[in-house]
Structures are given as C-alpha cells and as structure tokens.
Amino acid sequence: MSTSTRALDLLGLLQSRRHWPGTELARRLNVSQRTLRRDVNGLQQLGYPIITTRGTGGGYQLSAGASLPPLVLSEDEAAATVLGLKEIATGAHPSSAEAAVSAMAKIVQVLPPRIRGRIDSLRAVAVPAGGPGNRAAIGDITALTTLALACRDADTVEFAYSSRAGEPSRRTAQPHRIVNVENRIYLVAWDLDRADWRTFRVDRITEPHRTGNRFAPRRLPDDDPVAFVRAQLGVLPSRHRVHATVQAPAERIGAEIVHHGTVEPLDETSCEVHIAAESLDWAAFCLVAIGAPFVVHGPPEAIAYMRAWGRGLLDATEAG
C-alpha cells in the first residue's frame with residue numbers, strides 16, 4: 001500500500017469514530033506503531049487536526065469541532081459524485097453499498113444548500129439502470145445521510161415515522177446501522193420509547209435530526225445486521241400467512257424465499273415454508289418461482305387461489 005493511499009485510509013478511520021487506540025489503528029492499517037506515528041505526524045504537518053494522547057488509554061482522534069481541509073468540487077462534480085454514490089448504495093454493487101452511504105454522508109454534510117437543492121431535484125428523474133424494481137429506493141438523500149452520520153457518531157435521533165398502515169408517530173431512537181435488504185433500505189435502532197430494538201424503513205422516515213445526546217452503543221441481538229432485519233421482517237403481521245411443503249432442501253429454499261418468509265427443514269430433501277404476504281398473488285409467485293414441487297396447506301383462501309391460478313395457466317396453454 002502506498003503512503004498516500006494509507007494516509008487516506010487513516011483519515012477515513014479517524015472520521016469513522018471519535019477515538020482510536022494506537023494498537024488497534026495500527027492493526028487496521030497493517031503497519032507498525034512507528035509507521036503509524038510517522039503517518040500521523042505527516043498529516044498534522046499538512047494541517048489535519050489530529051490529537052495524540054499518550055499512556056494508558058492513549059491513541060488518536062480528530063479534534064472536536066475542527067474543520068478538515070475543504071473538498072473542492074464544482075456544482076456539476078458534487079451532483080455527479082453524490083448521485084453516483086447513491087446508485088451504488090441502492091444495491092448495484094452490494095459489497096460497496098455500506099461504504100457508499102458512509103461516503104455520501106460525509107460529502108452531503110459539507111455541501112452548500114444550493115448544491116443540495118440541485119441533488120434533491122435530480123433524484124426525481126434519476127432512474128437506476130435495470131429498472132427501479134431491482135434497486136432500493138432512496139427518496140430523501142439528506143435524511144439518509146443524517147441517519148448514517150448519527151449511526152457513525154452514536155448520536156440519538158428524533159424523526160417522524162409513518163407505519164405501513166399510514167399512521168404517523170414521533171420516534172426517538174439510538175441508531176445502530178443502515179442496512180440494505182433486497183430492494184429497501186432500513187434503519188436498525190434502539191427505540192427509546194419502546195425500550196426495544198426496532199427496524200424502520202428509511203423511505204418512511206421524515207424530518208430526522210440529531211439531538212446531540214451521545215450514547216454507548218448496544219450489542220445487536222444478531223451479529224449480522226442484515227440477518228437481524230430479515231428476521232424482523234419475517235415476523236411482521238401480514239394479511240396472509242401461507243403455509244406450504246416444498247420438495248427441496250431447506251438451505252436452497254431459504255436463499256430463494258429470503259426475507260419473505262421462514263423455512264424449516266423436514267428432512268434433507270424437503271422443508272416447510274411460511275410466507276407472510278399482503279397479496280396471495282405474490283405468495284403464489286414466490287412458490288411457483290422456486291421451481292420445485294410444493295403443496296399448499298393453508299389458509300383456505302390460499303388453496304382456492306392457487307387452484308384458480310393453475311386452471312388459468314392451463315387454459316392459457318390449450319391449443320386453439
């Protein structure tokens with residue numbers, strides 16, 4: 001790794017949290033303590049406000065409230081940069097989505113209001129390649145970046161939230177992670193009013209603002225935030241709870257169903273599936289798209305719907 005590349009990585013780590021022990025920072029950069037001290041000294045000479053503390057608990061941090069050397073972008077460059085990061089964050093490159101949200105948050109927070117306004121106007125006409133159905137929807141870029149920065153800084157947030165039924169509420173929460181699951185973006189947070197973990201759809205969040213009340217991050221019940229969100233979505237109440245047996249291994253069906261339901265193995269070649277859906281048409285599509293034999297056990301309306309679907313498909317394939 002070149003010195004310039006390592007310096008950028010060092011700055012990125014220093015911006016990602018308030019304080020880094022020297023040993024941990026050196027380990028993350030894969031350098032010695034001596035090299036780390038030399039890199040920090042070089043950045044300090046360039047004007048970066050890095051505070052060094054010695055002794056037990058010593059380490060490095062960026063000076064509170066200090067301004068980093070400005071990122072100079074033209075209006076066109078700023079708009080192109082943020083919208084490009086937005087496309088990555090929506091899921092075109094899943095391995096980079098989290099990094100894109102973090103980078104977008106850092107850039108948007110220092111943009112002049114006029115350029116922010118231009119980006120907000122462009123989002124209405126910027127349609128991802130491949131169609132909007134294949135990507136997560138990012139409505140309010142400023143709201144998303146506000147939440148991302150609050151996650152980074154362990155800063156309590158307040159926001160307005162609209163439930164699936166359209167019921168409005170005010171929420172106060174300690175944000176943990178921004179998660180991209182399938183075609184939606186979620187905020188995983190500890191809800192202070194309900195004293196429990198909650199998953200919020202970001203497109204239903206409006207008027208988020210940071211309160212400045214810092215908190216000690218809690219440990220999420222699941223080590224994998226994506227798995228946690230999928231599990232939460234699986235237990236949400238739905239209009240229909242379709243129960244079926246599928247003649248295929250549970251591991252394969254779990255990958256097909258993803259967060260639309262739960263899968264329990266019966267043996268090595270079959271499994272039991274429960275799909276939570278607002279539409280029976282969607283549940284039928286999920287089962288048929290698996291491409292394996294299956295039997296629907298309930299509810300009665302789902303059985304009747306699948307029979308009607310089957311008759312319709314047969315009628316559509318009859319010779320004229």
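Pairing here asks for at least two bridges found by DSSP between the two strands.

A quick word on the model. It is a predicted one, where local features need pLDDT of at least 70 and side-chain atom pairs count only at pLDDT 80 or more, while totals for chains, interfaces and linings use all residues. Residues are numbered from 1 along each chain as its sequence is written, and side-chain values use heavy atoms, with hydrogens and water left out.

Back to the sheet. What is the order of its 4 strands? The open sheet runs β10-β11-β9-β12, with antiparallel pairing. At the edges sit β10 (261–267) and β12 (294–298), each pairing on one side only. On average, neighbouring strands are turned by 25° against each other, direction ignored. For angles in general, axes are lines fitted to C-alpha atoms, for helices over the stretch in contact, and the angles run from 0 to 180 degrees between N-to-C directions.

Now the helices. Helix α10, residues 280–290, lies across β9 (240–246), β11 and β12, and runs at about 15° to β9. Helix α11, residues 300–317, packs on the sheet too, touching β9 and β12, and its direction makes about 140° with that of β12. Contact means heavy atoms within 4.5 Å.

That takes us to the largest nonpolar core, which has 21 residues. Such a core is a set of buried Ala, Val, Leu, Ile, Met, Phe, Trp, Tyr and Cys residues joined through side-chain atoms within 4.5 Å. Buried is under 20% relative accessible area, exposed is over 50%, and partly exposed is in between, with a 1.4 Å probe and protein chains only. Which members touch the most others? They are Val-242, Val-246, Ile-253, Ile-275 and Leu-287. β9, α9 (250–257), β11, α10 and α11 each supply at least two residues, and α10 gives the most, with 6.

Next, charges. There are 7 salt bridges in the structure, each a side-chain nitrogen of Lys or Arg within 4 Å of a carboxyl oxygen of Asp or Glu. In one of them Glu-207 meets Arg-170, at 3.3 Å from N to O. This pair links distant parts of the chain, 37 residues apart: Glu-207 is in strand β8 (residues 205–214) and Arg-170 in strand β5 (residues 168–181). Glu-207 is exposed at 57% relative accessible area, whereas Arg-170 is partly exposed at 46%.

Another salt bridge joins Arg-194 and Asp-191, with the closest N and O atoms 3.4 Å apart. Arg-194 is partly exposed at 38%, while Asp-191 is buried at 0%.

Finally, the whole protein. Its secondary structure comes to 11 helices and 12 strands, and 38% of its 320 residues count as buried. Of the contacts with a separation of 6 or more, 56% come from residues 24 or more positions apart. The accessible surface is about 17600 Å², with 53% belonging to carbon and sulfur atoms; the areas come from the Shrake-Rupley method with a 1.4 Å probe, and for residues only the protein chains shown count as cover.
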